[in-house]
Amino acid sequence: MALFKCIMNDYRSKRCDRKARVDQQFAAADSNSSTPTKSFVPCKVCGDKASGYHYGVTSCEGCKGFFRRSIQKQIEYRCLRDGKCLVIRLNRNRCQYCRFKKCLAVGMSRDSVRYGRVPKRSRERSSGGGDERVSTSDSSSAATPPDPTTSPVYDVIISVSQAHIANSDYSEENTRCLVRKPIASPPSPLCSGPEVASSTAESLEQQRIWLWQQFASHITPSVQRVVEFAKRVPGFCELSQDDQLILIKVGFFELWLSHASRLSTDTTITFSDGSFITRQQLELMYDSEFVASMFEFTVSFNALLLTDTELGLFSAVVLLSPDRPGVTDIKAIEHHQDRLIEALKLQMSRTAGGADRPSSLEKMPQLRALGSKHALMLDWPRLNWDKLRLPPLFAEIFDIPKSDEDLQ
């Protein structure tokens, strides 16, 4: 099985194992309870015995109190395990971040904490689905300005922001003290000795081969980062595996270029380790027209001065593009992208000068055009794959043939 599919399958198997463990814990809670099975109703958050209907969800007293305190005190939690902790009765106090996230995921409502008891008719209406927000009979709330942090979109903002910061080599923290340096020079055999190129054309080809190998080795770590980021974007893992692979493979270059723009100048593009490649070197790899378009985008995109959260949301919008060739569940992808676009617009409006800042969404057509042109630029490495020593993951994501030795 291809390396890239193995990455995705490994994640899916871990997710299934995690779900199986949760089911086992719930079953154990049932068997250990002295209460007859028919009367045991589990808390939707941790699986303990529920005490009633609290904040829109059947839950226990412990999770009820935890959620109320979290909202009323506006506590911000952090997770030391990448936001993937198992929340069950026995360890529900171990990670407050994941417990609060689980409360929101099963449908606990921020509004019901802020505005008080929920009328029975609203409760009955919300019981049909965990995603609906419960309403309130408090007439004074109608005059209260909407708090963006109570919107379901705010949960999307938090999830994507954390996913981006955890999986981007180009975050503000990772790039703050980065030392820039040129990529390595070609080894001496390419420049002198008995195998020196006999013509200018052959010499240029040797340089081109070297540059492609350098480019591939520096960009490959970002492939794994994008895969991990995608897994945590709301809605992505609900898609079929084939659609997930297509979205990552087709969108990867656009995502990488958006991130690399943060460290780019009008003459260089910098990789996540600080190594940079010059405009002249890129023109040797591609062509001058394409490279000019690349720098036009990176300079203008960098000028937007996006925060980590804004860049993460923009990346998620780019990733979940429903018009990628080959995807099948177009409506589902479109639905998830619409939510992400709404989240990005909300986040942009909340930052300083949001009303006057140009929207990053306006850069989408330019970025998409670059992605399409880049696919055409790959004809050369695809035709000359046997001369190149490329990392297997790089070759896989760009559909470049690999030698038998690389496949082993």
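## Crossing of H9 and H12

In this predicted model, H9 crosses H12 in a right-handed sense (left-handed if the near helix is turned anticlockwise from the far one by less than a right angle, right-handed if clockwise). Helices and strands are DSSP runs numbered from the N terminus, with H or I over at least four residues for helices and E over at least two for strands. Helix H9 covers residues 241–260 and helix H12 residues 308–319; their axes lie 9 Å apart at an angle of about 150 degrees, which makes H9 roughly antiparallel to H12. Axes are lines fitted to C-alpha atoms, for helices over the stretch in contact, and angles between N-to-C directions run from 0 to 180 degrees. Under 35 degrees counts as roughly parallel, over 145 as roughly antiparallel, 65 to 115 as roughly perpendicular, and the rest as oblique.

On the H9 side, the contact (heavy atoms within 4.5 Å) involves Leu247, Ile248, Glu254, Leu255, Ser258 and His259. These meet Leu311, Phe314, Ser315, Val318 and Leu319 of H12. By class, the contact of H9 with H12 has 7 nonpolar, 3 polar and 1 charged residues. Nonpolar means Ala, Val, Leu, Ile, Met, Phe, Trp, Tyr, Cys and Pro; charged means Asp, Glu, Lys and Arg; the others, Gly among them, are polar.

## H12 with H13

H12 also packs with helix H13 (residues 330–350), at about 160 degrees and with the axes 9 Å apart. H12 and H13 are therefore roughly antiparallel, and their crossing is left-handed.

From H12, the residues in contact are Thr309, Glu310, Leu313, Phe314, Ala316 and Val317. Their partners in H13 are Gln337, Leu340, Ile341, Ala343, Leu344, Gln347 and Met348. The contact of H12 with H13 divides into 9 nonpolar, 3 polar and 1 charged residues.

## H9 with H11

The axes of H9 and H11 cross at roughly 55 degrees and come within 9 Å, so the two helices are oblique to each other. Phe253, Leu257 and Ser258 of H9 meet Phe290, Met294, Phe297, Thr298 and Phe301 of H11. This contact of H9 with H11 has 6 nonpolar, 2 polar and no charged residues.

## Salt bridges

The whole structure has 10 salt bridges (a side-chain nitrogen of Lys or Arg within 4 Å of a carboxyl oxygen of Asp or Glu). One of them joins Lys64 to Glu61, with the closest N and O atoms 3.7 Å apart. Lys64 and Glu61 are 3 residues apart in helix H2 (residues 61–72), and are therefore separated by about one helical turn.

## Confidence and conventions

The average pLDDT (the predictor's confidence in each residue, from 0 to 100) is 79, and 75% of the residues score at least 70. Confidence is highest in helix H11 (residues 288–302), at 95, and lowest in helix H5 (residues 120–126), at a mean of 42. Over residues 16–38 pLDDT stays under 50, and the model has 13 contacts beyond four places in sequence for this stretch. Residues 189–194 also stay under 50, with 3 such contacts.

Residues are numbered from 1 along each chain as its sequence is written, and side-chain values use heavy atoms, leaving out hydrogens and water. In this predicted model, local features need pLDDT of at least 70 and side-chain atom pairs count only at pLDDT 80 or more, while totals for chains, interfaces and linings use all residues.
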